[in-house]
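Reader: I would like to learn how to read strand pairing, loop contacts and nonpolar cores from a set of atoms. Could you take me through them one by one?

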Amino acid sequence: MKLYHGSDVIIEEIILDKSKPFKDFGKGFYVTTVKEQAIRWAYRKASVFDGAKPILNTYEQSDISAELATKTFPEDLVEWIHFVCACREESLEYTKYDIIMGKVANDKVFRVVDMYHSGIWDLDRALKEIKIYPTYDQIAFISQEAIDSVLKFKSSEEV
């Protein structure tokens with residue numbers, strides 16, 4: 001299966017130490033099955049740095065070994081929002097997994113999670129506010145073992 005990562009650099013070798021913490025599914029290397037989504041991420045990343053170019057990195061995912069701990073979030077967002085809140089609170093719960101898969105929320109998710117986490121909104125209100133892109137996804141590779149055994153760099157291109 002093809003996976004995509006949008007960036008401002010070519011990433012042939014994935015080094016988890018360069019990943020930023022406190023993301024939706026914790027510190028990891030994030031990819032998607034949706035090329036257009038990765039292109040948007042590339043443009044967003046490139047816009048942060050003056051003169052940077054948006055780069056689309058493409059990877060091939062092989063079969064995931066049963067030895068790798070995986071987490072896939074269902075359509076029900078209750079478990080998802082609690083997990084995202086925990087990751088943003090520096091919880092290390094995500095480290096129980098090698099690979100985490102789920103939906104991507106729109107840009108309002110940061111505000112919604114903050115409002116819910118601070119107690120301003122209850123869970124019902126937060127879930128109503130979150131709008132999930134129906135076909136967008138994210139896959140977070142949490143362990144280097146998962147990256148090394150499942151992902152293979154195929155190509156990169158400026159977009």
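Reader: Which residue in strand 3 is the bridge partner of K2?

Author: Please keep in mind that this is a predicted model. In strand 3, K2 is bridged to E60, and this pair belongs to an antiparallel arrangement in which 6 bridges join strand 1 to strand 3, residues 55-61.

Reader: How many residues of strand 1 are buried?

Author: The general idea comes first: in a regular strand the side chains alternate between the two faces of the sheet. Here, 5 of the 6 residues of strand 1 are buried, so strand 1 is largely enclosed by the rest of the structure.

Reader: Where is the place of D8, and which residues does D8 touch?

Author: D8 sits in the loop between strand 1 (2-7) and strand 2 (29-31). Leaving aside residues up to four places away in sequence, D8 touches K45, A46, F49, A52, K53 and I55. The C-alpha atoms of D8 and P54 are separated by 4.8 Å, although these residues are 46 residues apart along the chain. The side chain of D8 also makes a polar contact with that of S7, at 3.5 Å.

Reader: Which residues touch the most other members of the largest nonpolar core?

Author: Among its 24 residues, these are F25, W80, I81, F83, I100 and I130. Two or more residues come from each of helix 2 (77-88), strand 5 (99-105) and helix 3 (109-117), and helix 2 gives the most, with 7 residues. Another core, of 15 residues, lies apart from this one and includes I139, F141, I147 and V150.

Methods: Residues are numbered from 1 along each chain as its sequence is written. This is a predicted model: local features need pLDDT of at least 70, side-chain atom pairs count only at pLDDT 80 or more; totals for chains, interfaces and linings use all residues. Side-chain values use heavy atoms; hydrogens and water are left out. Helices (H or I, at least four residues) and strands (E, at least two) are DSSP runs, numbered from the N terminus. Contact means heavy atoms within 4.5 Å. A polar contact is a pair of N or O atoms within 3.5 Å; within protein, one must be able to donate a hydrogen and the other to accept it, and residues adjacent in sequence count only if both atoms are side-chain atoms. Buried means under 20% relative accessible area, exposed over 50%, partly exposed in between (1.4 Å probe, protein chains only). Two strands pair if DSSP finds at least two bridges between them. A nonpolar core is a set of buried Ala, Val, Leu, Ile, Met, Phe, Trp, Tyr and Cys residues joined through side-chain atoms within 4.5 Å.
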